[in-house]
Amino acid sequence: PAQYELCRFMIALARVCEKRILLVEDDPAARESIKLLLRIDRHIVTEVDNSQGALRLFSPERFDLAIIDYFMPNMQGHELAEKLKRVAPTLPILMVTAYFEKLVDAGIPVDAILPKPFGIEELRQSIAQLLSVE
């Protein structure tokens, strides 16, 4: 039973590895930390520090997932999410935020919200759920 669960976890982890992820985070330390967590699972990470940079880089076929910080200068994360969803309605978007309580029922156009701070297991679980990995 325990070995079975471990095996199931490893299979699910293998399915969620090596995805192309757009990471949009204005805080350099937070961006570096998230990038390191993503690279542990061999994801291909394209990082930008603002929404305008994300919009310049974005094309629907280029990314499997977008991870967006909520609170950023010039354009908030929910505004970026709206713009990305207009271009790529099926793109899974994970919002990361320290303002989780304010956003959880706010109708933000994202597929999941992950409260900061978070660890690798919470990030893996969110990614797996968004990419429909059992």
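This is a predicted model: local features need pLDDT of at least 70, side-chain atom pairs count only at pLDDT 80 or more; totals for chains, interfaces and linings use all residues.
Residues are numbered from 1 along each chain as its sequence is written.

Reader: What makes up the secondary structure of the protein?

Author: The protein has 6 helices and 5 strands. They follow the pattern α-β-α-β-α-β-α-β-α-β-α along the sequence. Helices (H or I, at least four residues) and strands (E, at least two) are DSSP runs, numbered from the N terminus.

Reader: Why is F63 called buried?

Author: Buried means under 20% relative accessible area, exposed over 50%, and partly exposed in between, with a 1.4 Å probe and protein chains only. F63 has 4% relative accessibility, so F63 counts as buried. F58, at 13% relative accessibility, counts as buried too. Of the 134 residues of the protein, 45% count as buried.

Reader: Why is the pair of F58 and F63 called stacked?

Author: Rings of Phe, Tyr and Trp (its six-membered ring) pair if their centres lie within 6.5 Å; planes under 30 degrees apart count as stacked, over 60 as edge-to-face and the rest as tilted. The ring centres of F58 and F63 are 6.0 Å apart and the planes are at 10 degrees, so the pair is stacked. A search of the whole structure finds 1 aromatic pair.

Reader: How do you know that the buried residues of α4 line one face of the helix?

Author: The buried residues in α4 are G77, L80, A81, L84 and K85. Seen down the axis of α4, they fall within an arc of 135 degrees, so they line one face of the helix. The arc is that of the directions from the helix axis to the C-beta atoms. An α-helix has 3.6 residues a turn, so residues three or four places apart point the same way. The cover over the buried residues of α4 includes β1, α3 (51–57), β3 and β4.

Reader: Which residues touch the most other members of the largest nonpolar core?

Author: A nonpolar core is a set of buried Ala, Val, Leu, Ile, Met, Phe, Trp, Tyr and Cys residues joined through side-chain atoms within 4.5 Å. Of the 21 residues in the largest one, L22, V24, I68, L80 and I93 touch the most other members. The elements giving two or more residues to this core are β1 (20–24), β3 (65–69), α4 (77–87) and β4 (93–97). The largest share, 3 residues, comes from α4.

Key: Side-chain values use heavy atoms; hydrogens and water are left out. Contact means heavy atoms within 4.5 Å.
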